[in-house]
Amino acid sequence: MHDEPANPRPAAGYALAALASLLAVLVAAVAERLIGLDDLSLVFMLAVLVVASRTRSGPAVLTAMLCFLAYNFFFIEPRYTLYISARHGTTTVVLFLAAALLAGRLASRLAMQVRELGSINRDASVRQVLARRLAEASSEDEIVQVANSVFEESLGVRIHVSLDHEEPRESGAAADSRERSQPPADRAAASDCRNAGQDEGFLLELRSIKGRLGEIALESPLHATNANPSRQRLLRSMADDIAGALLRARLVADLQAERIANETERLRSALLASVSHDLRTPLASIIGAAESLQSFQATLSASDRDELLHTVRTEGERLNRYIQNLLDMTRLGHGALALRRDWIGVDELVGSAIARLRRYRPDAHFETTIGRDLEPVWVHPALVEQALFNVLENAAEFSPPGEPVTVDARLADACLRIEIGDLGPGIPEAERERVFKAFYSARRGESGRSGTGLGLTICRGMIGAHGGRVEALPGTGGRGTRIRIEIPADSRPAPSE
Amino acid sequence: MSVPVAPTGPTVAAPARILVIDDELQIRRFLDISLRAQGYQVALADTAGAGLEMLATRGADLVILDMGLPDRDGLEVLGELRLWSTVPVIVLTVRSSEREKVAALDAGANDYVTKPFGVQELLARIRALLRVLPDGGGMSVIFDDGHLRIDLASRMVSLGGQPLALSRKEYALLAFLAAHAGRVVTQPQLLRELWGPTHVEDTHYLRILVAKLRQKLSDDATNPRWIVTEPGVGLRFISPD
C-alpha cells in the first residue's frame with residue numbers, strides 16, 4: 001500500500017488537499033441530509049487524516065484550514081457565512097482546527113516513518129540479493145558480473161567496475177586487455193561515465209582491509225538519489241560488500257596458485273627422480289652391453305654375444321615405453337587430449353594391446369573372455385588401447401611366471417567393464433588408491449620393480465577423458481590384483497543411418 | 001659409410017632398389033646394413049630435397065621416408081612425390097599418434113612403421129609392398145595357408161577344406177584385405193570400396209562386418225590369425241611370410 005513514490009511532488013499533495021476538502025463537503029452534506037448525522041466534524045477530520053497520511057505536513061495543514069473554513073461556512077449556523085452565532089459552535093470549530101492540525105502532523109510523521117522503514121527494507125533486501133549472489137561468485141570476473149547485474153536489476157543503475165592490480169607490470173597488461181576486450185562504444189561510455197563521475201562525485205571506491213581494490217563508476221547521474229543520504233549509504237555499503245567479495249576471491253586464488261605451484265614442484269622433483277633412476281637404468285645396460293660387444297667381440301661366445309644383443313634390444317624398448325609414458329603424461333597434464341571417437345570392437349582393442357605387449361614379453365600368458373553380446377564401442381581407439389596396454393603391462397610385470405593374466409570384458413550397469421587380473425602379490429588395501437598417483441612406484445624407488453610409476457596414472461587419465469573410471473580391487477579368490485576399467489556405454493550416438 | 005647407388009640395368013633378377021630418406025645417421029646406417037643383408041640395393045638420402053632428386057634421377061622400387069625431415073614436412077614431400085611417381089612408400093613416424101599415420105596414408109603412403117621399429121617388422125612391410133599385386137588375369141587363388149583358401153575366380157572361400165558361406169559384403173571385405181595382404185588398409189579405403197564414397201564415415205558398418213567375418217572364420221580378435229586391427233587406422237591381413 002506504500003507504493004507511492006518516496007518523494008511525492010508537492011503540487012500533487014496540495015491538489016490532493018483541495019480534492020479531499022471538496023469531497024469532505026459533499027460527503028458531509030449527503031450524511032446530513034440522508035442519514036441525519038449531527039457531528040459532521042468527524043467527516044472533515046477523516047479527510048485531514050487521509051491527506052496527512054499520504055502527503056507531508058504542508059498539504060495536511062492546508063487540508064485542516066480548508067476543512068475548517070468549509071465546515072464553518074456550510075454546516076455551522078448561520079450557514080453560508082463565516083460568522084458563528086452560538087458559543088458552542090465557536091468552540092467546536094476551534095477545537096476541530098486544533099485537532100485537525102495535530103492529527104495531520106502525527107499522521108504525516110507516521111507516514112514518513114513507514115516510508116523510511118520501507119526504503120530501509122528495500123535497501124536491506126537489495127543488499128541481501130547482492131550478498132547471496134556474491135557468495136556464489138568465485139572469480140573476480142564473476143563478481144564484477146554480479147555487481148553489474150545487481151546494480152542494474154535492483155537499482156536500475158548501470159555501472160562500470162574497474163579493478164586495480166597489485167603488480168604494476170601486470171596491472172598495465174590486465175587493464176589494457178580489459179579495455180581492449182570491451183567494444184569501443186562501451187569503452188567510450190565507460191570513460192565518459194568515469195569523467196562525469198569524477199566531476200560530480202559518482203565514483204565509489206572499492207576499499208578493503210588490504211587497501212583500495214578498484215572503483216565503481218555509476219553511469220547515470222542519479223540526481224534525486226544523490227541528494228538522498230540513505231541511498232548514498234546503500235551504494236557505499238554495496239561497494240563495501242563487493243570489495244569484500246573481491247578480496248575473498250583474491251585470497252582464494254592466491255591460495256590455489258600456491259597449492260598448484262607446490263604440486264607442480266613436487267611432480268617436477270618426482271619426475272627428475274624418475275628420469276634419473278628409471279631412464280638411466282636401461283641406458284646403463286645398453287651402453288654396457290654395447291661396449292662389451294665392441295671390446296670383447298673376438299673372445300665372446302656366440303650365446304654371450306646374443307645375450308648382450310638381446311639386452312640392448314629389450315632395454316632399448318623399455319626406454320621407449322618410458323618415454324612414451326612421459327609424453328602421454330604431458331599430453332594428459334596439458335589437457336591437450338582431444339578425443340577422436342570412432343567405432344571399435346572391444347575384442348579388437350584387447351587384441352591390439354596384447355599383440356603389442358607380446359613383442360616385449362613373449363613369455364606372458366593371457367586368458368581373455370569377451371562377452372559375446374558386446375557391441376562395438378564409441379571411443380578414441382588409440383587411447384583406450386594404450387590404457388589397456390598399461391594395465392596389461394603392469395599385470396604381466398607382477399604375474400608369477402607361468403600364471404596367466406586374465407582379461408574379462410562385459411556389459412555391466414550400462415558400462416563397458418573390463419577387468420584385468422593377475423595372480424601376483426596383490427596391493428594392500430591402503431595402497432589401492434595410491435597406485436594411481438603419479439610416480440607411485442618410483443617413490444618406492446629401490447624395491448627393484450621397473451616402471452616410471454605412470455602407467456596406471458595415464459590409464460586413469462585416458463579412461464577419465466571418456467567419462468569412465470579405473471579402480472584397483474583384490475584379485476578374484478583373494479589372490480593378486482584386479483584392475484577394473486569402466487567406460488559408460490550410453491555416450492554412444494546411434495549408429496549413423 | 002656411404003654406399004654408392006649402383007647403376008643397374010632393368011634385368012628381371014635385379015635386386016629391388018630401396019631409397020631411404022632419413023636425416024638420422026644411426027637409422028640410415030642400420031637400415032643400410034640390414035637391407036643389404038636381405039639382398040636389396042640401398043640408396044641413402046639425408047634430406048627431402050636430396051631424396052626426391054635421387055628418386056627422380058635414378059628411380060627406386062620402394063621408398064622409406066621419414067616424416068620428420070629437417071628441410072620439409074613429410075606430408076608435403078609425400079604430396080609432391082605422388083605428383084609424378086607411384087613408387088610404394090613406407091613412412092617412418094616417430095610419434096605413435098594414429099592421426100599422423102592416417103594423414104600419411106591419406107597423402108599417398110602405402111604403409112607405415114612407428115619409430116622405434118623392429119627390422120623384421122619393416123622387412124615384412126617391404127616384402128608385402130614389393131610383391132606383385134594379383135591382377136584380374138593373374139593368379140586366381142590369392143591366399144592359401146592350408147587352412148584358409150581364398151579363390152577369386154570361383155569366389156570360393158574355404159576353411160579347413162569346407163566351403164564357407166559368406167555374404168556378398170563379407171566376401172568383398174575378405175578378398176580386398178587378402179589382395180593387400182601384409183599391408184594396412186585404412187577404414188575410409190574399405191568403406192569406399194565396400195559401400196561407396198558416401199559412406200566413408202560410417203565406421204560402425206565396418207565394425208559389425210568385421211566382427212561377423214571374424215566369427216565365420218573363427219578368427220579371434222584378441223589373438224588374430226588373419227585379420228589384425230590397427231586401432232584408429234584400419235585393418236591388416238596377416239601376410240603368410
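In the unreviewed UniProt entry, the feature "transmembrane region" is placed at residues 12–29, 59–76 and 88–107 of chain A; UniProt positions follow the numbering used here, feature names are shortened, and annotations may be inferred rather than shown by experiment. The structure is a predicted model, in which local features need pLDDT of at least 70 and side-chain atom pairs count only at pLDDT 80 or more, while totals for chains, interfaces and linings use all residues. Residues are numbered from 1 along each chain as its sequence is written, chains are lettered from A and ligands numbered from 1 in the order in which they are written, and side-chain values use heavy atoms, with hydrogens and water left out.

Residues 12–29 of chain A are 100% helix and 0% strand, with 26 Å between the end C-alpha atoms. For residues 59–76 of chain A, the corresponding values are 94% helix, 0% strand and 24 Å. Helices (H or I, at least four residues) and strands (E, at least two) are DSSP runs, numbered from the N terminus.

Between the two chains, 27 residues of chain A are in contact with 23 residues of chain B, contact meaning heavy atoms within 4.5 Å. The area buried between chain A and chain B is about 2,000 Å², and carbon and sulfur atoms give 49% of it; buried area is the accessible area (1.4 Å probe) that two parts lose on being put together, summed over both. In chain A, the most area is lost to chain B by Arg340(A), Trp343(A) and Glu348(A), which together account for 26% of what that side buries.

The interface of chain A and chain B holds 3 salt bridges, each defined as a side-chain nitrogen of Lys or Arg within 4 Å of a carboxyl oxygen of Asp or Glu. Glu348(A) forms a salt bridge with Arg214(B), in which the closest N and O atoms are 2.8 Å apart. On the side of chain A that touches chain B, helix H10 (302–333), strand S4 (342–344), helix H11 (346–360), strand S5 (366–370) and helix H12 (381–398) each supply at least two residues. The largest share of that side, 9 residues, comes from H11(A).

In chain B, the unreviewed UniProt entry places the feature "modified residue: 4-aspartylphosphate" at Asp66(B). Asp66(B) lies in strand S3 (residues 62–66) of chain B. This residue counts as buried because its relative accessibility is 3%, buried meaning under 20% relative accessible area, exposed over 50% and partly exposed in between (1.4 Å probe, protein chains only). Not counting residues up to four places away in sequence, Asp66(B) touches Ile21(B), Asp22(B), Asp23(B), Leu92(B) and Lys115(B).
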